[in-house]
Amino acid sequence: MSREKETARREFVSEAEEIIEALSGDVAGFETGLKAGAVKPAVVNKIFREVHSLKGLAGMLGFEKVSTLSHDLEDLLDRLRLGKIPPSHGLVNILFESIELLNQLVASISRQGEEGEVDVVPLTSQIHTLAMQRAEAAEDVSLDWLDLDESTRKSFTEYEEHRLLENLRQQNAIYGVTVGFAFDVFDAELKKVTDALNEEGEVISTLPSSGGAEPDKIFFRLIFASNLPGDKVEALAAPFGGGVQPLLKRAFGPPTLPAPPPPVPEAEETLGVGDADLKSISSTVRVDIQKLDAVMNIVGELVLSKTALLRLSRQAASEHGSTPLAFELVKAARTLDRKVAALQASIIDVRMVPIGQIFNKLSRAARKISARNRKKIDLRFSGGDTELDKVMIEEITNPFLHLIRNAIDHGVESPEGRRERGKPEEGVVELKAYQKGNSVVVEISDDGSGIRPERIREAAVQQDIIVPDAELTFDECINLIFKPGFSSAKMVSDISGRGVGLDVVKANIMRLKGSIQVHSEPGQGTTFQIVLPITLAILQVLLVESGGKRFAIPLTSVSESLRITPEQIKTVEHREVYHLRDQTLPLIRLERFFNLAAPESPSGTTSPAAARNGRLFVVVVQAAERRAGLVVERLAGEQEVVIKSIGTTLSGLAGLAGVCELGENELVLVLDIGSLLEGVLEERSAAAAPTT
Amino acid sequence: MTPETPHAASILIAEDSAPMRNFLCAALEDRLDDVEVVTAESGFAALRLLPSRSFQLLITDINMPDINGLELIHYLRENEHYRHIPILIVSTEASEEDRKRGLALGADAYLNKPFDPEALESAVAPLLGRKEKS
């Protein structure tokens with residue numbers, strides 16, 4: 001494939017994916033409107049325009065199957081938006097099937113450069129059949145009922161004309177709202193007006209006209225349909241300086257028609273030549289994430305240089321006193337510090353994308369799963385604006401999909417089962433995202449049968465995960481579902497029985513330095529709560545020393561640090577604990593966890609440094625609901641680091657997130673508090689497991 | 001400049017699909033000498049660009065998100081400063097009725113999507129008062 005063709009193909013795939021994503025969300029919105037009995041014409045028109053764009057694109061690049069399918073869809077949607085066929089659930093199903101097929105075709109084009117063996121004919125036949133339907137004959141209305149000049153009337157598209165007639169059929173009044181704005185702000189201002197008007201009706205057409213006597217202005221005549229009386233429409237338009245003119249010549253009912261507004265000034269003077277940029281006005285660019293990763297690595301190196309420079313400047317000031325050179329060096333180091341921080345923040349910001357981007361994918365998959373399960377599911381999303389690093393978004397899609405799949409497959413009962421339990425036939429599966437401090441929390445919940453701890457326990461005993469008489473709390477029992485190989489499903493279904501289990505979901509979340517917890521109430525439902533860091537790229541860490549080695553603890557996991565005496569450490573069941581504000585905090589000695597050379601000390605439990613001054617440091621760390629205190633010899637300060645993956649030698653060790661390089665060319669291990677705490681809990685509950 | 005040398009021409013493209021804009025831009029620059037192509041990703045962007053220079057051709061799609069192609073054509077034809085600019089509509093077959101309306105409003109020609117670069121040149125060259133390249 002030539003370079004140009006390859007570039008065109010990549011551009012097509014990228015644009016097509018974006019269109020299909022948008023399409024998917026809009027069709028879901030259409031379905032919601034249909035269920036509520038209020039399909040928004042603007043949504044239908046948007047779906048039509050998306051398919052229209054895809055068709056134009058595919059045709060231009062010779063992708064025949066995409067082109068054929070989108071052509072037929074465009075025709076169907078055109079008939080729908082013009083009121084020639086009625087909206088129906090059958091149509092929604094066809095739209096979703098089409099999106100699925102278009103996705104397959106685009107994926108094939110992306111992978112192998114061609115559309116592959118997918119057959120679009122069966123679906124296009126269904127589309128043709130549906131397009132033959134007829135909408136019910138509506139009461140006859142006419143544009144002659146409106147006081148419109150010939151020029152305005154000619155500028156209506158077929159769709160706008162249909163929307164006008166449809167509003168007349170619904171006995172809505174039609175108004176002309178005239179607004180004028182300065183040329184440099186008109187689009188933003190006009191959006192405010194149309195948004196305000198669309199709250200109370202439908203802006204059908206937006207006709208621009210020149211400023212005339214006011215060459216720096218541009219005027220717009222909005223054709224607006226609403227059931228509001230004229231004085232209310234005037235009140236709506238007044239904050240924007242808009243004039244309102246009633247256009248309906250015959251009255252349906254009682255709308256009070258206001259006095260005509262001042263006419264739009266005629267064009268008399270030459271329009272001023274602005275200094276607008278002659279390039280495309282688009283303000284966004286698409287960037288390959290690998291390129292951003294490369295920039296991020298450079299920023300990481302800059303952070304190291306900045307740290308070294310700060311250290312050297314302080315050293316120069318302390319060794320040589322307040323010389324002009326030392327002063328300048330400190331000043332330069334501080335400036336660099338500020339600029340690197342700003343650069344870093346900007347790059348992280350560029351990498352951020354709204355989590356809502358994956359909602360459409362999840363929604364499509366959920367639809368399919370619920371159809372195959374013959375379950376009725378109301379899938380709800382909220383918090384789509386919550387932003388996460390693009391890389392994280394890519395990585396969490398599959399774990400989220402698995403949890404939604406589980407909720408539909410195992411959580412929500414069948415419609416009959418729900419009826420018997422007095423629940424509505426339609427189950428609710430919800431994904432809710434929100435930011436909390438430096439983390440993003442995602443909750444995936446269902447209102448199904450919940451997890452029954454006795455069933456989990458029974459299955460865990462059968463699978464030799466726990467001994468029959470193990471003493472487990474309600475939460476410990478439920479958390480057994482995350483054990484490798486655990487399955488409580490009596491029947492391995494077609495869907496959830498395949499692929500990864502919850503242990504893999506958990507491993508994936510933990511690989512992203514996140515944590516997952518499950519809460520369940522038998523009969524009421526289950527919620528999985530996932531906490532993720534906003535980005536993996538740069539970490540703020542607390543440096544500590546233990547067993548003569550330095551470790552980095554991500555600050556997001558640190559609650560507080562304490563200084564205690566060895567005597568304050570108590571022992572419960574041979575484990576060290578510390579009573580912190582009426583809570584028993586398990587203690588972990590890092591040098592023991594990582595089997596580092598045990599430091600010699602009189603007591604055998606404290607390090608030489610601690611033994612010397614009789615004090616120990618405890619860093620209280622937390623991952624989801626688990627807390628523990630890390631006992632260390634020294635706190636060595638906070639620092640920003642760029643985290644890199646660990647080499648193969650250490651990759652099997654629990655408790656490690658990666659490695660970072662400090663300014664002095666020293667490599668330091670970064671702790672993964674989630675897996676470290678889990679490792680300790682594993683060890684502490686080992687007594688409960690059967691011996692092999 | 002000899003009479004055979006085409007005059008420099010500025011073409012404004014109003015099209016909301018980025019790949020389609022790129023295709024139009026590349027095809028026009030490849031096939032026509034001495035043209036400058038300016039692109040607008042929406043009808044609003046086109047409105048803002050119009051006063052910035054003298055355009056010899058507007059190429060517009062019909063279905064666009066803010067103001068559509070017909071509204072843009074109406075604006076040009078009612079404005080004495082832009083009334084003379086030839087207009088080419090690029091649209092799909094489904095917009096046939098709208099294309100007719102565009103021609104009635106004063107557009108000069110139309111081209112059905114999809115089209116190839118030769119067809120584009122054939123449509124554009126006469127509107128710029130040029131002969132097609134052989």
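**Strands, salt bridges and an interface**

Strand β4 (residues 87-91) of chain B pairs with β5(B) in the parallel sense, over four bridges. This is a predicted model: local features need pLDDT of at least 70, side-chain atom pairs count only at pLDDT 80 or more, and totals for chains, interfaces and linings use all residues. Residues are numbered from 1 along each chain as its sequence is written, chains are lettered from A and ligands numbered from 1 in the order written, and side-chain values use heavy atoms, with hydrogens and water left out.

Q: What makes β4(B) and β5(B) a pair?
A: Two strands pair if DSSP finds at least two bridges between them. Here there are four bridges. One of the partners is S91(B), bridged to N112(B) in β5(B). Strands are DSSP runs of E, at least two residues, and helices are runs of H or I, at least four, numbered from the N terminus.

Q: Why is D61(B)–K113(B) called a salt bridge?
A: The term needs a side-chain nitrogen of Lys or Arg within 4 Å of a carboxyl oxygen of Asp or Glu. The closest N and O atoms of D61(B) and K113(B) are 3.3 Å apart, so the pair meets the rule. D61(B) lies in the loop between β3 (57-60) and α3 of chain B, and K113(B) in the loop between β5 and α5 (117-127), so the pair ties together parts 52 residues apart in sequence.

Q: Why are D61(B) and K113(B) both called buried?
A: Buried means under 20% relative accessible area, exposed over 50%, partly exposed in between (1.4 Å probe, protein chains only). D61(B) has 0% and K113(B) 5%, so both count as buried.

Q: What makes F224(A) a contact of G201(A)?
A: Contact means heavy atoms within 4.5 Å. Leaving aside neighbours within four places in sequence, G201(A) is in contact with F224(A), A225(A) and S226(A). The C-alpha atoms of G201(A) and F224(A) are 7.1 Å apart.

Q: How many salt bridges are counted between chain B and chain A?
A: Three. D187(A) and R48(B) meet in a salt bridge at 3.1 Å, N to O.
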